[in-house]
Amino acid sequence: MDAPTLVFLLVGGFGAAVLTLALLGAGALRVVHVDLGGPASVESIAGFLGAFGFGGAIAAQLLGARSAGEVLAAAGVGVAAAVPTAYLAVRLSRWARNIPTDATLTRADLVGAIGVVVTPIPVRGYGEVRVRAGGLPVKLNARADSALPLGTEVFVVEAPSDTSVVVEPLAH
């Protein structure tokens, strides 16, 4: 392997290593400030370096880059691969950071839910109910004023904690 290809591969490998670190949680590091939308992300820099290095290595190998002109041509191919890659990395990382998510459920969201008894509720003590909260089935500890058998449909009237509720039978 010739020296220009090796240098391009090292640059590409460095970019891949930086990308790995960024994906493992080092993305909070902001390095360069760009006027066109704020700071460039670590992911965009890593994408640029990786595509430049690996694109340049491929071009250097195909061109048999021995002269300065051939190395510059390989670098040009690397830049041509790196610019769209960095742009896509910026767009994808910006999209991932700004993706809308649902609000976290709180115990107040449990009040008013309808569910079913999955472990009988004794007069004193707790049983278990399954309710739908936020569109997902949630199993909770439950108590009631009277004993409720397995399969009884219930209405949540109170949520004293995040994992327990007070229920009453649903009148049909």
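Throughout these legends, a residue is buried when its relative accessible area is under 20%, exposed when over 50%, and partly exposed in between (1.4 Å probe, protein chains only). The views show a predicted model, in which local features need pLDDT of at least 70 and side-chain atom pairs count only at pLDDT 80 or more, while totals for chains, interfaces and linings use all residues. Residues are numbered from 1 along each chain as its sequence is written, and side-chain values use heavy atoms, with hydrogens and water left out.

**View 1. Thr152, in the loop between S5 and strand S6 (153-158).** Helices (H or I, at least four residues) and strands (E, at least two) are DSSP runs, numbered from the N terminus. Thr152 has a relative accessible area of 16%, so it counts as buried. A polar atom of its side chain lies 2.8 Å from the backbone oxygen of Pro149. Beyond the residues up to four places away in sequence, Thr152 touches Gly115, Val116, Val117 and Pro169; contact here means heavy atoms within 4.5 Å.

**View 2. Strand S4 (residues 127-133) and its two partners.** Two strands pair if DSSP finds at least two bridges between them. On one side, strand S3 (residues 114-119) pairs with S4 in the antiparallel sense over 4 bridges, and here you can find Thr119 opposite Glu128. S4 is also joined to strand S5 (residues 136-143), again antiparallel, by 7 bridges, with Arg132 standing opposite Pro137. Now look at the faces of S4: Gly127, Val129, Val131 and Ala133 make up the covered one, whereas Glu128, Arg130 and Arg132 make up the uncovered one.

**View 3. The hairpin of S4 and S5.** There are 2 residues between the strands. The one to pick out is Gly134, which takes a positive phi near 65 degrees.

**View 4. Thr163, in the loop between S6 and strand S7 (164-169).** With 47% relative accessibility, Thr163 is partly exposed. Its contacts, leaving aside neighbours within four places in sequence, are with Leu140 and Asn141. Asn141 is 22 residues away from Thr163 along the chain, yet their C-alpha atoms are separated by 6.2 Å.

**View 5. Helix H2 (residues 42-63) from end to end.** After H2 comes Gly64, which has a positive phi near 60 degrees.

Definitions and conventions:
A polar contact is a pair of N or O atoms within 3.5 Å; within protein, one must be able to donate a hydrogen and the other to accept it, and residues adjacent in sequence count only if both atoms are side-chain atoms. The expected span of a helix is 1.5 Å times one less than its number of residues.
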